[in-house]
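Subject: Structure for you to look at

Hello,

Here is the structure I said I would pass on. Please open it before reading the rest, and keep it beside the notes that follow.

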Amino acid sequence: MRKEFTSMKYKHSAQFYKDRYAKYASTIKSMGLIPIKEGAFISRYEELLTDPKNPSKNPMKDIIYSARYSTRYNTALAEKKALAKIGIKVKLEDLKNITTTEFADKYSKELAKEYRALKKAGNSGKAAELLISQQWFGSN
């Protein structure tokens, strides 16, 4: 394991990561899941902290969430809102437990209908795809 990690703002000791990993592993095991290796945990933690577009405010929470659910929270929330707009009610918990691909397969008719409506409104195919990505999946 590395002695220290240094980035623009963060400087963590080996003990910091050892303690964080122990807490992570304990939490994951209590959920009946298998924790990732310590090196992979540290890499993911650092990656989340230093993400240039969206740095994590709580990498530990994000790592545990991604181990438990198939879809990121913001994506599942965007999916729920898009479905609600067309009158389909679904539980957020259900959307968090399916992948984006599974969502797209399940709601392919609705997505195709939205794509055609956007094209009919004068959007190019690429623009319609981008709008669907943003509105239905929470992409930036």
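Which residues in α7 meet which residues in α8? From α7, the residues are E110, L111, E114, Y115, L118 and K119. Their partners in α8 are G125, A128, E129, L131, I132, Q135, W136 and F137. By class, this contact has 8 nonpolar, 2 polar and 4 charged residues. Please bear in mind throughout that the model is predicted.

The α7 and α8 pair

Two packed helices are described by the angle between their axes and the distance between the axes. Helix α7 covers residues 108–120 and helix α8 covers residues 125–137. The angle at which they pack is about 130°, and their axes lie 9 Å apart. That angle makes α7 oblique to α8. The two helices cross in a right-handed sense.

The chain as a whole

How many helices and strands does the protein chain have? There are 8 helices and 2 strands. Read from the N terminus, the order is β-β-α-α-α-α-α-α-α-α. The radius of gyration is 19 Å, well over the 14 Å that the globule rule gives for 140 residues, so the protein chain is more spread out than a compact globule. The C-alpha trace spans about 60 × 35 × 20 Å along its principal axes. Of the 140 residues, 29% are buried. Another figure concerns contacts between residues at least 6 apart in sequence: 43% of these join residues at least 24 apart.

The α1 and α3 pair

Helix α1 spans residues 14–30, and helix α3 spans residues 59–68. They pack at an angle of about 30°, and their axes are 11 Å apart. Angles under 35 degrees count as roughly parallel, and α1 and α3 are therefore roughly parallel to each other. The crossing of α1 with α3 is right-handed. On the α1 side the contact is made by R20, K23, Y24, T27 and I28, and on the α3 side by M60, I63, I64 and A67. Sorted by class, these residues are 6 nonpolar, 1 polar and 2 charged.

Which residues of α3 are buried? They are P59, M60, I63, I64 and Y65. An α-helix has 3.6 residues a turn, so residues three or four places apart point the same way. You can check the spacing of the buried residues against that on your screen. The elements that cover the buried residues of α3 include α1, α2 (38–49), α4 (73–85) and α5 (92–96).

Two single residues

Is T75 buried or exposed? T75 sits in helix α4. Its relative accessible area is 13%, and buried means under 20%, so T75 is buried. Leaving out residues up to four places away in sequence, T75 touches T100, W136 and F137. W136 and F137 also belong to the α8 side of the contact with α7.

A117 belongs to helix α7. With a relative accessibility of 41%, A117 counts as partly exposed. How far apart are the C-alpha atoms of A117 and K37? The separation is 47 Å, and the two residues are 80 residues apart along the chain.

To find your way around, begin with the contact of α7 with α8, then turn to the contact of α1 with α3, and finish with T75 in α4.

Regards

Notes
Residues are numbered from 1 along each chain as its sequence is written. This is a predicted model: local features need pLDDT of at least 70, side-chain atom pairs count only at pLDDT 80 or more; totals for chains, interfaces and linings use all residues. Side-chain values use heavy atoms; hydrogens and water are left out. Axes are lines fitted to C-alpha atoms, for helices over the stretch in contact, and angles run from 0 to 180 degrees between N-to-C directions. Helices (H or I, at least four residues) and strands (E, at least two) are DSSP runs, numbered from the N terminus. Angles under 35 degrees count as roughly parallel, over 145 as roughly antiparallel, 65 to 115 as roughly perpendicular and the rest as oblique. A crossing is left-handed if the near helix is turned anticlockwise from the far one by less than a right angle, and right-handed if clockwise. Contact means heavy atoms within 4.5 Å. Ala, Val, Leu, Ile, Met, Phe, Trp, Tyr, Cys and Pro count as nonpolar, Asp, Glu, Lys and Arg as charged, and the others, Gly among them, as polar. Buried means under 20% relative accessible area, exposed over 50%, partly exposed in between (1.4 Å probe, protein chains only). The radius of gyration is taken over C-alpha atoms; the globule rule is 2.2 Å times the number of residues to the power 0.38.
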